[in-house]
Amino acid sequence: MTLVRSSAALAVLVAALVVASPAGGANECDGLMVCVPVAGPWVVVPTSGGVPRPRVEYQLTCPRGHVVGGLDARLSDRAIDLSFVGTLGSPVNPGISTSRSAVFVATYVGASARAPTFRPFIGCMPGAGGGTRIPTSVAAFTPGRPTTRRVKTVRIRPGEATVTQRCAARERLVGASHAFGFATRTPPSASLVGSLSSDQAIRGSEVVVKVRADAEVGDVRAVVQVHAVCTRAR
């Protein structure tokens, strides 16, 4: 088994907070008649001068019975390249291009910031759209959702721990990532960020993350979020 050292590409994020107020923290509910805002954490984006640049993935999820209808974010640095994972479809609207969850993807493309961060927001609306689509020929297919993202979030305490996220039966692993998070009101300090390290390994259809945490982590609530991107496609 080969362990992949991921310290440079490690993203530090604050544990997600669900906002229950009538309005969100940004513009995620603009244009939606009925909207439940969900505010994410301040996500710390990894920095590196290499190519390709490291990136962080962070998932926000709507309450049951809702789909993502709006997205927004706030950046601490303009050099953060931010996007989200969507599904192709026409028209582009909730339930076709989005689902109950939204995955934000961020990369720092600048050269000077030490701890760039962003905070994601989603606006959730009731119901789901979309329907069955008929292929226009036997040789072509309309875009769908060939992958399933399986996410596990676990609290971290000082010392060493191993967190495993696996695909379901008859699924194959096609992507993996992980990130650390701190439940603090403001972005974590550089010292706190440096108190965590990890190794990520792939074992068949499993993502295995070995975490090491210094004693400083005991003063705050820290989490690790592990992503396994799985498929049944053959």
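Reader: How many disulfides does the count come to?

Author: The structure is a predicted model. A pair of cysteine sulfur atoms within 2.5 Å is taken as a disulfide. Cys 29 and Cys 35 meet this with sulfur atoms 1.9 Å apart, Cys 62 and Cys 124 with 2.0 Å, and Cys 167 and Cys 230 also with 2.0 Å. By this rule the count is 3 disulfides.

Reader: What is the pairing of the bonded cysteines, numbered in sequence order?

Author: Cys 29 is joined to Cys 35, Cys 62 to Cys 124, and Cys 167 to Cys 230. Numbered in sequence order, the bonded cysteines therefore show the pairing 1-2, 3-4, 5-6.

Reader: Is the disulfide of Cys 62 and Cys 124 left-handed or right-handed?

Author: Cys 62 lies in the loop between E5 and strand E6, whereas Cys 124 belongs to strand E9, 62 residues apart. The torsion about their S-S bond is about -85°, so this disulfide is left-handed.

Reader: Is Cys 124 buried or exposed?

Author: Buried means under 20% relative accessible area. Cys 124 has 0% relative accessibility, so Cys 124 is buried.

Reader: Which strands stand at the edges of the open sheet?

Author: The sheet has 3 strands in the order E5-E8-E7, with antiparallel pairing. Two of them have a single partner strand each, so one side of each is left without a neighbour in the sheet; these are E5 (55-61) and E7 (80-85).

Reader: How many bridges join E5 to strand E8?

Author: Strand E8 covers residues 101-108 and runs antiparallel to E5. Glu 57 stands opposite Val 105 in E8. The number of bridges joining E5 to E8 is 7.

Methods:
Residues are numbered from 1 along each chain as its sequence is written. This is a predicted model: local features need pLDDT of at least 70, side-chain atom pairs count only at pLDDT 80 or more; totals for chains, interfaces and linings use all residues. Side-chain values use heavy atoms; hydrogens and water are left out. Two strands pair if DSSP finds at least two bridges between them. Helices (H or I, at least four residues) and strands (E, at least two) are DSSP runs, numbered from the N terminus. Buried means under 20% relative accessible area, exposed over 50%, partly exposed in between (1.4 Å probe, protein chains only).
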